[in-house]
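Me: I am new to this structure and would like to learn how to read its features one at a time. Could you take me through them slowly, with the general idea before each case?

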Amino acid sequence: MENAQHDRLLIIDFGSQVTQLIARRLRELNVYCEIHPYQNVTDAFLADFAPKAVIFSGGPDSVTREGSPRPPKSVYDLGVPILGICYGQQVMMHDLGGKVVSGEGTAEFGRAYVSPADERLSFLNGWFMDGDGREQVWMSHGDHVAEIAPGFSVYGTSPGAPFAITADVDRRFYAVQFHPEVHHTPNGKTLYENFVREAGFSGDWTMGAYREEAIRKIREQVGDKKVICGLSGGVDSSVAAVLIHEAIGDQLTCVFVDHGLLRQNEAEEVVAMFRDNYNIQLIHADESELFLGELDGQSDPETKRKIIGKLFIDVFQKHADTIDGAEFLAQGTLYPDVIESVSFSGGPSVTIKSHHNVGGLPEKMGLKLVEPLRELFKDEVRALGRELGLPDSFIGRHPFPGPGLAIRCPGEITREKLEILRKADAVYIDQIRKHGLYDEIWQAFVAILPVRTVGVMGDGRTYDYACALRAVTSVDGMTADYYPFSHDFLGETATRIINEVKGINRVTYDVTSKPPGTIEWE
Ligand code: XMP
């Protein structure tokens, strides 16, 4: 199994919305962990994985229901510490001889306060220290524990959960009713820290170690064969490319498809960085004529996306075919993508937007995948990028969508509009950087609107495009809030754009959150 030389923690996922956050908290403590859905965790799996500790996640089901999710019984005989969270606590109590009840009056959702019981517990070091000795926690449970299992004692209670914190000290089993991994349990990380210390983790999972291991694995997987990597100019594919290059040098060729929908100077910057700084073999495929030609006259958002997606695959394949003997395709797949694809809570059933990716390409081209970032979260990819020496200015860049400026140009795309949009976007981003706001914002861009409006400049009438500024804060792009710029900032930016960008005479600010809006305009 991978990472066999590290101490490993196993998170058994019972379907909680926030299981990934448990992994996050542990990674912050330099502990290597993997999330596996409970269905996959069999006796054989446990023996093979050999975890040094186990965490049971929360979940939406009720242990009182027949057939509800369970871990294999052998998990309790591994002799390693186990932490059960919410549904995970109930599972543990139920399996070990306690009692869980559901029904009226047992539910508790939202903020709650846990107070200490009499006895002290090393798992709770650093808790109950402040003024009134209570800790704020986040509860989200329908059922609750009515009777704890033999061997367990109570170490914390809340008004709605008399067994908020329970433990069997001898067996090192801990079970809490609340969610220590979420933001609303402000001191939650301390519990994870105590738990992994108790389990004997040395905290050796660093980016330096990850880099060395990833390089070794890439060499092992690829041997002397060739790898193709599609570069988008984004952080993920760039970090993947640099890492793979470090592992196999000239066996890697990158293909950068320029669809003519990139931002100002973007293509030049990407090419300069990879070809000049890293000496990576790079095919810079300028296919802008093709893309803009096919998009000509198209105004429907989904049609535009589909045209770009299909052309991208065709063009990528055409260029990849020129690389003799390539057997592998590198992708910057991240851990959240991996989890999403195995999650049993399912994804959204309605297609809001057809996302642009190269899925399906490997089978079509008969290529095997190299995915060296599969175990990382986004900010870990950034940390790895820093470790590999990529410049900070590059690593901290806002995400940029595959279809590029096409989805920031509602309605028909013309070269004229794209030029105006590039200039306005450059001024806006310059403003944001000058005011020191870039890193506080998840994503910021200009959209050029398909309307012209009347204005007056000097003594003359203007009839030019209106544009919208967008800036959002977000954790993962799934939900977002608009960024609360000051009026001074907005006024100054509007003035600069109108003065510096010919073709725009009106600037608006988009104050829609997601939902109900989306981040991009199309
Ligand atoms: P929306 O507009 O759906 O965007 O709220 C959420 C995040 O996804 C990015 N985005 C894309 N990224 N291919 C991508 O690689 C796409 O087709 C695509 N569409 C949207 C968007 O920029 C935001 O960060």
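Reply: Let us begin with a term: contact means heavy atoms within 4.5 Å. Before using it, please note that this is a predicted model, in which local features need pLDDT of at least 70 and side-chain atom pairs count only at pLDDT 80 or more, while totals for chains, interfaces and linings use all residues. Residues are numbered from 1 along each chain as its sequence is written, and side-chain values use heavy atoms, with hydrogens and water left out.

Me: Which residues is threonine 453 in contact with, leaving aside its neighbours within four places in sequence?

Reply: With those neighbours set aside, threonine 453 is in contact with Thr462, Tyr463, Asp464, Ala466, Asn505 and Arg506. A polar contact is a pair of N or O atoms within 3.5 Å, where within protein one must be able to donate a hydrogen and the other to accept it, and residues adjacent in sequence count only if both atoms are side-chain atoms. The side chains of threonine 453 and arginine 506 make such a polar contact, at 3.0 Å.

Me: Where is the place of threonine 453, and is threonine 453 buried or exposed?

Reply: Strands (E, at least two residues) and helices (H or I, at least four) are DSSP runs, numbered from the N terminus; threonine 453 has its place in strand β17, residues 443–457. Buried means under 20% relative accessible area, exposed over 50%, and partly exposed in between, using a 1.4 Å probe and protein chains only. Threonine 453 has a relative accessible area of 17%, so it is buried.

Me: Which residues does the UniProt annotation "active site" cover?

Reply: UniProt positions are given in the numbering used here, feature names are shortened, and annotations may be inferred rather than shown by experiment. In this unreviewed entry, the UniProt annotation "active site" covers Cys86, His179 and Glu181. They are spread over 96 residues of sequence, yet they cluster in space, the largest C-alpha distance being 11.2 Å.

Me: Where does histidine 179 lie, and is histidine 179 buried or exposed?

Reply: Histidine 179 lies in the loop between β11 (173–176) and α4 (188–199), and it counts as buried because its relative accessibility is 6%. Not counting residues up to four places away in sequence, histidine 179 touches several residues, among them Cys86, Trp138 and Ser140. Glutamate 181 has its place in the loop between β11 and α4 and, at 1% relative accessibility, counts as buried.
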